[in-house]
Amino acid sequence: MSNATKTPATGTALLEVKDLVVHFPIGKGQFIRPVDRVSFSIGPGEVLSLVGESGSGKSTIGKALVRMIEPADGSILVGGRDVTHIRGREIKEYRKEAQMVFQDPFGSLNPTRSIEQHLAFPVRKYRTNKDVSVSEQIDELLTKVGLTPVAETRRKFPHELSGGQRQRVAIARALAVNPKFIVADEPISMLDVSIRAGVLKLMNDLRNDLNLAFLYITHDLASARYIGNRIMVLYGGKVMETAPSAELIKAPTHPYTRLLLTATPGTRHRGPLPETSNSAPNLLEGRKGCPFANRCPLVSEVCRNEEPPLREMSNGHAVACHHPA
Amino acid sequence: MADNKPVLEIEDLSVAYVTGSGLVHAVNDVNLKVYPNEIVGLIGESGSGKSTMAYTIMRLLKGDAVVTKGRVKILGQDVYQLSKKELRQFRWSKMAMVFQSAMSALNPVMTVETQILDALLSHRKDMTKEQARTRARELMELVRIDPKHLKSYPHELSGGMRQRVVIAIAIALNPALVIMDEPTTALDVVVQRSILDEIRKIQQEVGFAILFVSHDFSLVAELASRVAIMYAGRIIEVTPSDLLHLQEKHHPYTEGLLKAIPELTAEDVTIQGIGGYPPDLQDLPSGCAFHPRCPYATDICRRVRPEKLAVGDKLIECHLFNEKELVSHV
């Protein structure tokens, strides 16, 4: 089943995630599984958009990828190397390859440090190019993310910057180690509308210029489509549907994807939403059936008892549903 | 609509915050009317003054904010001429507000029922507890929550249900105007949509005007019939929401916002952000506050602040537009 979502050229994948499971104890020997056997791969310079609502497991996947959390099961291969259970010094080394940009640019920067200090730390610690001075590298990073004039930006403190500028600092900091991929967890959701486009375009440029891969985590299908080569829709810790971005928006086959599309502002949908309730998914380990069954308008007996496998419908378009459209 | 008396009239309103370095004007010379049963959207980015405006209308400004100019009238009554006691009765029975964070708008140690009864009984002296209970059940049904949740505490409800309760409390006394300050921002897109549908439905059933404050363009365009766009404390454009697309001429800021949103279903998605960053209210640019970010800015934009031009139900503050027909020169 995990084979369904592989891109054709698996040999060149930068990142390969197979049957990833993350679980957390909730007492009395019970566990919840916010991520349940999720598989995908990302190639160099590719952007995979991970879409889902709160509790879908999208941020947990991101944290597991940069190894802020250790998966309970499955594997994460980066450039062919297994990083699923690495520890200590190996994790530090791994940070050179995988970086993260967080949602809240107000909470992710230290208010008592200047922008220069924010960047000097990772540059010094992970010197990739000894021929270039730390200072030059900082200038280069700030130019790359469009925070010019650099001399002025370097001296500033986070409170002197707007949300969009702060998020650019966070991206510059992630770039400082010359990573192969970046997990961007809702990087624009807290920014003003007029600023969002700029940050999205910056990510797009970095992908093109540096061949950088992104896992772009969002709840917004429009931006997921704009930046992502592919979109993966999550619900209750499981992949519901994955397809090339344009195709997923044009020909959604999973009832949950269609619900999301209907609900997105700008689609001018009127009338009742295609759902039967708005309950939260059951994340308990050992649950039966499809996680979306409780809300699904197409639900049948089989949905409550058997978990639908992720099946490839056409090239690169896979869906986990007993009754796909 | 034009011969109706407006529910809300804002006239030449300016609001400033008193800071160590002098007055900072968050709202500047704003005029806006909202008519009965109308939904008007108020759009702006952070720092544009949209929330300050909402709080000013409710007369909820804190000590360091002052109304320096202008009037706010609700049903013809100047809100700032009311005595403290009159205001307490006026607020909630004539104008109510739905706040952004449903979690902090509700009291965590009181049941939903107690909070609804609280709003009802403190305003309707003639109401018995039994009548209030009946009304509370009605309200819950109106916002589509099982009345059994009257006995629930806020933490036992989902985010969407909490926001529904807050809406129920806001409309409990049949106010003429409900101000909604980003009521769905913290919610998932599906929940957001179902709450908006609900708001639209209840508004049609019960009949009240809504001033819907938000930063989300596409959302407001769908819900509201007219949209006011704020930038740096001024309303720079008012337009019917069905004209909110790029085929129409708009203020360059509005145009920039429209271009900044990736379209979901278009064949080819391109987006274009607005250059620069929102201005510092303590140090506003000369002339038109938007000129440093405006792609069409000319010399006059840098020197002179544009006057308001109002034609029909449209309003614009921009040198590029001409008096007679609100047609752009560009």
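Colleague: How many bridges join strand E1 of chain B to E2(B)?
Modeller: 9 bridges join E1 (residues 8-19) of chain B to E2(B), and the two run antiparallel. Strands are DSSP runs of E, at least two residues, and helices are runs of H or I, at least four, numbered from the N terminus. Strands pair if DSSP finds at least two bridges between them. This is a predicted model: local features need pLDDT of at least 70, side-chain atom pairs count only at pLDDT 80 or more, and totals for chains, interfaces and linings use all residues. Residues are numbered from 1 along each chain as its sequence is written, with chains lettered from A and ligands numbered from 1 in the order in which they are written.

Colleague: What stands opposite B:Ala16?
Modeller: B:His25, in E2(B).

Colleague: What order do the strands of that open sheet have?
Modeller: E2-E1-E4-E5 in chain B, with antiparallel pairing. E2 (22-34) and E5 (77-78) of chain B each have a single partner strand, so one side of each has no neighbour in the sheet. Helix H1 (residues 50-57) of chain B packs on the sheet, touching E1, E2 and E4 (65-74) of chain B. The direction of H1 makes about 70° with that of E2(B). Angles run from 0 to 180 degrees between N-to-C directions, and axes are lines fitted to C-alpha atoms, for helices over the stretch in contact.

Colleague: Switching to chain A. At what angle do H6 and H7 of chain A pack?
Modeller: About 15°, with their axes 9 Å apart. That makes H6(A) roughly parallel to H7(A), a label for angles under 35 degrees.

Colleague: Which residues of H6(A) meet H7(A)?
Modeller: Among them are A:Gly163, A:Gly164 and A:Ile171. Partners in H7(A) include A:Ile195 and A:Leu202. Contact here puts C-beta atoms, placed from the backbone, within 7 Å.

Colleague: How many residues does the contact take from chain A and from chain B?
Modeller: 33 from chain A and 31 from chain B. The largest share of the chain A side, 8 residues, comes from H7(A).

Colleague: And the largest nonpolar core, which residues have the most contacts inside it?
Modeller: B:Leu177, B:Ile179 and B:Phe212, in a core of 188 residues. Such a core is a set of buried Ala, Val, Leu, Ile, Met, Phe, Trp, Tyr and Cys residues joined through C-beta atoms within 7 Å. Buried means 20 or more other C-beta atoms within 10 Å of the residue's own, C-beta atoms being placed from the backbone.

Colleague: What does B:Leu177 touch?
Modeller: Leaving out residues up to four places away in sequence, its contacts include B:Val7, B:Met95 and B:Phe208.

Key
A residue is buried if 20 or more other C-beta atoms lie within 10 Å of its own, exposed if 12 or fewer, and partly exposed in between; C-beta atoms are placed from the backbone. Two residues are in contact if their C-beta atoms, placed from the backbone, lie within 7 Å. Angles under 35 degrees count as roughly parallel, over 145 as roughly antiparallel, 65 to 115 as roughly perpendicular and the rest as oblique.
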